[in-house]
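Please look over the sequence and the fold below before reading on.

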Amino acid sequence: MSRTLIWIYLEPDDADAQAFWHALEPYSDIQKRIELVFGRTNVPESVVHEAEVFVCGGVPEDTLKRAERLRWVSFWSAGLDGKVPSWLLKRGVQITNASGVHGPNIAEHVLGMMIYFTRRFDFYLRAQWSRRWERTPPNRLPGELSGQTLGILGFGRIGEALAVRAHAFGMRVIAVKRDPNRRYDATVQPDRLYGLEGLPEVLSEADHVCVALPYTEQTHHLIDRERLSQMRSSAYLYNIARGKIVDEVALIEALQQGTIAGAGLDVFEEEPLPADSPLWTMENVFLTPHVSGVTPHYFVRFAQLFVANLERYLEGKSLLNRYEPQRGY
């Protein structure tokens, strides 16, 4: 029986490569059926031609077009906007993403931003930098997440992970999902779950709104001037998904005019964020440079997900995290 050749787009000495070997250790039967090859440069042409499975963060198109036996591309990134060439789909190659890898780390990142604003760390940090002993912030005292409402736009694995943590803080969680019946972990239940038609209700009721939607043509500038006006003036917006889901010009205007209280942003319409953007110096903005997905456990989680999918692939079963072009994710 010939082995299935799997080409992983990492150099053999890359520290992340070890995660795949560790994930395969319990599966001696799978190891007998595959050949694992690592490499980004100087990869033998025989590997390119014989590779049936390709694992990557992005497609090296010129090289991969010569992969005649290619049947499956497994991305180690969750968002695939702009990453899937049309020729791959035309060839019938299966595409999967790494949805689920980001749940704990991004959920904690958002929770940290929420605590930053709620406990008034924004004020106390500025006081520290100015060597001022000020215990009472003007306008608004430190508050509590307990009893507040979190609205999650996009109730996938990140949304579910965030809901678990928000409930642990005593928050009420309401969410919007394109298909409320399509769940990953049905044991995680928000207090209310709407279809997209429920977006105005979620925006109007939430003290904190987190954008965790995939970026598609339908979600481009979904959060625009009208949507921002539906939020409470005391509410905060967080975006850890894609910058273009939020109309940045409208957001800056809303922040300057007090339409909303503040924003925690990890993604932006243009990255790196231009030096002349007003967002850099706004006191009601907490920004990070697209790092909410960073975690030392990234490839460990992805490798486990990949091996679980590999087992399904070898048995001819439907793959998890299958990319659906009609949805855009």
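Which strands does helix H12 (residues 298-314) lie across? In this predicted model, where local features need pLDDT of at least 70, side-chain atom pairs count only at pLDDT 80 or more, and totals for chains, interfaces and linings use all residues, helix H12 lies across strand S1 (4-8), S2, S3, S4 and S5, and runs at about 160 degrees to S4. Residues are numbered from 1 along each chain as its sequence is written, and side-chain values use heavy atoms, with hydrogens and water left out. Angles run from 0 to 180 degrees between N-to-C directions, the axes being lines fitted to C-alpha atoms, for helices over the stretch in contact, where contact means heavy atoms within 4.5 Å. Helices (H or I, at least four residues) and strands (E, at least two) are DSSP runs, numbered from the N terminus.

The 5 strands form an open sheet in the order S2-S1-S3-S4-S5, with parallel pairing, and two strands pair if DSSP finds at least two bridges between them. Strand S2 (34-38) and strand S5 (94-96) are the edge strands, each pairing on one side only, and the twist averages 15 degrees from one strand to the next. Within the sheet, strand S3 (residues 53-56) is joined to strand S4 (residues 72-75) by 4 bridges, the two running parallel, and Val53 stands opposite Trp72 in S4.

The protein chain as a whole has 12 helices and 12 strands. Its C-alpha atoms fill a box of roughly 70 × 45 × 35 Å, taken along the principal axes.
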